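Start with the place where the two chains meet.

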Amino acid sequence: MNLKNIQKTNKLQNSLKKNTFYFILLLWPLIHFLVFYLYVNLNSILLAFRSYDFDKKQFVGFGLDNIKKAFEFFTLPYFKYSIKNSCVAFGVSFFIGTPLGLLFAFYIYKKMLFHNFFKFLLFLPSIIPSVAMVLIFMYFTEEAYPDLANLLFNTQVEGLLQNPNTAFATVIFYTLWAGFGTSVVMYASAMSTINESVVEAAKLDGAGPLREFISITFPSVYSTFSTFLVVSVAGFVTNQLNLYTFFSTNAEPKFYTIGYYLFREINVSGKLQYPYLSALGIVLTICVAPLTFLVKYLVNRFGYGED
Amino acid sequence: MKLEFKKKHRKPLEYILFTVLVLYALSMICVIAWGFITTMKTAVEFRLDRLFLPTEPTFENYILAFSKMSVEVSLKDGSRALVAIPMQILYSIIYAGGCALAGALACFITAYATTRFKFKKVNSIVYNIILFTMVLPIIGSLPSQINVAQSLGLYNTLYGPIIMSAHPLGGMHYFIFYAMFKSLSNTYFEAAYIDGASELQVLVRIAFPLVFNTFLVIILLQFISYWNEFQTPMIFMSSYPTLALGVFNFSLGSDTRYSYVPMKITACFILIVPVIILFACFHEKMMGNLRIGGIKE
């Protein structure tokens, strides 16, 4: 009986130690979540209803002015430019960047000619600091491009970013050109897990590379593709397109994206605009969040399953 | 004996992709090479010839950048100070290293807890919260983040961003550790418990070494990511400018003695070199798949 009691006590003590250790492990993540996620977002909602008092140097009051102003944003030219530019950027990324990224990953996965070199080069812009890459690209388009055009075609042209007709297209081109990096490597890694016997069987049936890509490769990496798609939709509004690095706070309003507008206002206007920007953020979250979950539902419902 | 050389039959898709990749490679190499040769030109030479190789290559821009590329900052007492490149590099190492380590540790510990302990409901809640925060877009919370950081005394400090990044939310790294721990055999841990190891000893001496490669890769990727960004240091630690922020501020500078294009591109290359070195040393781990050791059955 004593032995059984001792064993029972030991088991209880071990269980208590295990439980205590488990909760100690999760204590910091829990505190962090409560403070820096839940409280920050609740504070953001509260800020939306307040205003900044310069004399008291604090946020005071309670009203709906910021919410009204946030809805008025949708009638401003800023919004029309921003939403158009964000849509263009997303469209280019999804309809051009994603297929190209998948095909480049397929090229690397099939170990075609110089695949290691291309893999390194595609990943390089992800490694190089974006501020450095953007600046080098910017100076190239502003300084080298006009001289190149003059040398090759005997024409006098402005820098691509100086010319208002080509500036935004140049920014979009840069986003595509420097944006393959991590996605290509992740797609290629996902493709490397495809069962070789499935590929061999397809080849025996006469499938060429394109048929293999459409019928075997893409379905196998669909979960990676859908993750990237959902994350892209979630970041649709916050994408700055590196506009702050290109132009600092001086981008033309017709080039704005919503992400750039929000970040620019924080830097230019400071605490005075915090309540308005919080209100605008809430309104935009209410618009974009359902869209993100809808896309998530659709890709899971109508896409390729695990089998 | 007749030797036969078989020509590899390439499909049209391969030719098309090869052509596109060659054009991409040429554009990338041209831009970066042009940037590098520009750093070896003086301001005068660059004005005369913006395209081709310098007639007298020089590295004086690099020497000048190290001594002149300072950022003027406001200190907490309201005074102004100049922060030179060596200090910017130190701040970058502290910021990038601290944030990378804090984030990776948070993901590692949370993943370990939610896979190795049988509290199904709590583990499921934690997992789904992290998944939810990854998918749910919260827009415009930066003003509130700044406000909270100021209230907690984390604003404009070196340790503030490190504490704020010590979480498993919003990224893929928790799920990478989660998958790794799920795939580990219990035999590793049971053997340790039988030998009398405590939970802490199992965590530190069994679990951590098993996922060390993954931990290292995540820290490397995060270090590079934090080294490269400048917007968070600009907002949250403006008195402690990192090198990326220094380069950005330098690009906006108006001091005509040093604000010529070759000098500005030189600053970019100074920022690039450390990450290129890291990438050169660890590129296989960073771009490849990882495997773990096995158990003798």
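Between chain A and chain B, 17 residue pairs are in polar contact, with both partners at pLDDT 80 or more. A polar contact is a pair of N or O atoms within 3.5 Å; within protein, one must be able to donate a hydrogen and the other to accept it, and residues adjacent in sequence count only if both atoms are side-chain atoms. Helix α1 of chain A (residues 2-47) supplies the largest share of the side of chain A that touches chain B, 19 residues. That side divides into 63 nonpolar, 19 polar and seven charged residues. Here Ala, Val, Leu, Ile, Met, Phe, Trp, Tyr, Cys and Pro are nonpolar, Asp, Glu, Lys and Arg charged, and the others, Gly among them, polar. Helices are DSSP runs (H or I, at least four residues), numbered from the N terminus.

This is a predicted model: local features need pLDDT of at least 70, side-chain atom pairs count only at pLDDT 80 or more, and totals for chains, interfaces and linings use all residues. Residues are numbered from 1 along each chain as its sequence is written, chains are lettered from A and ligands numbered from 1 in the order written, and side-chain values use heavy atoms, without hydrogens and water.

In all, 89 residues of chain A contact 90 of chain B (heavy atoms within 4.5 Å). Three salt bridges join the chains (Lys or Arg side-chain nitrogen within 4 Å of an Asp or Glu carboxyl oxygen). Arg50(B) forms a salt bridge with Glu143(A), with the closest N and O atoms 2.8 Å apart.

Now turn to α5(B). Its buried residues include Asn123(B), Val126(B) and Ile130(B) (under 20% relative accessible area, 1.4 Å probe, protein chains only). Their cover includes α1, α10 and α13 of chain A.

Key: Helix = DSSP H or I, 4+ residues; strand = E, 2+ residues; numbered from the N terminus. Buried < 20%, exposed > 50% of the residue type's maximum accessible area, 1.4 Å probe, protein only.
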